[in-house]
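Me: I have a model open and want to go through its packing. Can you take my questions in turn?

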Amino acid sequence: KNRVAPGGRDVAASLLNLGAVAMAQGDLARAQNYMQQATDIYARLGVRDLDMASGLANLGAVAWIRGDLVTAESLFLEAQKIREELAPDSLEVSAGLNNLGLVAKDRGDLQTARSMFEKSFAIDFRLAPDSLTLSETLSNLADMAAMTGDRESAKASYLKALAIQEK
């Protein structure tokens with residue numbers, strides 16, 4: 001009686017959830033398959049919202065884990081455009097900046113990576129102080145400091161991240 005429409009938004013949301021489970025289990029092929037099906041449904045329906053952005057970002061994460069930085073960056077950028085358009089100055093935007101920073105770091109572009117992490121930090125600090133999200137961003141900034149030889153800043157950021165995690 002109250003059935004879900006085949007190929008509708010509810011199906012896409014379920015596919016994204018299944019993709020997240022598969023990814024957590026380390027089954028990247030299955031994760032990518034589910035997430036691609038979900039984003040295909042959203043695209044067919046003309047959906048351009050935070051759900052679509054999540055699907056694109058999740059596909060980007062799969063590509064990043066596989067080491068496909070070009071595809072990861074492309075998907076992260078597409079997701080970020082949607083997030084910035086629909087939810088500027090949000091934790092979703094911060095997460096996207098972190099994703100882009102990780103890709104830049106892996107490409108060896110430490111200046112861009114640091115910039116992305118600093119922008120993410122500013123949002124996290126304002127919207128979610130003492131959150132695990134902020135802790136993750138602090139750890140990313142600490143990594144940047146360590147990679148550029150600034151051990152004191154790295155240590156300070158790692159300690160701040162740890163203090164948040166221990167709360």
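What follows is a short chat about helix packing and a pocket.

Me: What kind of model is this, and how are residues numbered?
Reply: This is a predicted model, with residues numbered from 1 along each chain as its sequence is written. Local features need pLDDT of at least 70, side-chain atom pairs count only at pLDDT 80 or more, totals for chains, interfaces and linings use all residues, and side-chain values use heavy atoms, with hydrogens and water left out.

Me: At what angle do α1 and α2 pack?
Reply: About 160°, with the axes of α1 (residues 9-24) and α2 (residues 28-45) 8 Å apart. That makes α1 roughly antiparallel to α2. Axes are lines fitted to C-alpha atoms, for helices over the stretch in contact, and angles run from 0 to 180 degrees between N-to-C directions. Angles under 35 degrees count as roughly parallel, over 145 as roughly antiparallel. Helices are DSSP runs (H or I, at least four residues), numbered from the N terminus.

Me: Which residues make that contact?
Reply: Among them are Leu 15, Leu 16 and Ala 20 of α1, and Tyr 34, Ala 38 and Ile 41 of α2. Contact means heavy atoms within 4.5 Å. By class, the contact of α1 with α2 has 17 nonpolar, 2 polar and 2 charged residues. Ala, Val, Leu, Ile, Met, Phe, Trp, Tyr, Cys and Pro count as nonpolar, Asp, Glu, Lys and Arg as charged, and the others, Gly among them, as polar.

Me: And α1 with α3, parallel or antiparallel?
Reply: Their axes come within 11 Å and cross at roughly 25°, which makes α1 roughly parallel to α3. The contact is made by Arg 9, Leu 16 and Met 23 of α1 with residues of α3 including Asp 51, Asn 58 and Ile 65.

Me: Switching topic. How much space is in the largest pocket?
Reply: About 250 Å³. A pocket is an open set of points on a 1 Å grid over the protein atoms alone, where a 1.4 Å probe fits, with protein on both sides within 12 Å along at least five of seven lines.

Me: What lines the largest pocket?
Reply: 14 residues, with Arg 83, Ala 95, Asn 98, Asn 99 and Glu 136 nearest its centre; lining residues have an atom within 4 Å of a point. The elements giving two or more residues to the lining are α3 (50-65), α4 (69-86), α5 (91-107) and α7 (132-147).

Me: How do α4 and α5 pack?
Reply: At about 160°, with their axes 9 Å apart, so α4 is roughly antiparallel to α5. Arg 83 in α4, and Ala 95 and Asn 99 in α5, are among the residues that meet there.

Key. Angles under 35 degrees count as roughly parallel, over 145 as roughly antiparallel, 65 to 115 as roughly perpendicular and the rest as oblique. Grid points are joined across faces, edges and corners, and a volume is the space filled by probe spheres set on the points.
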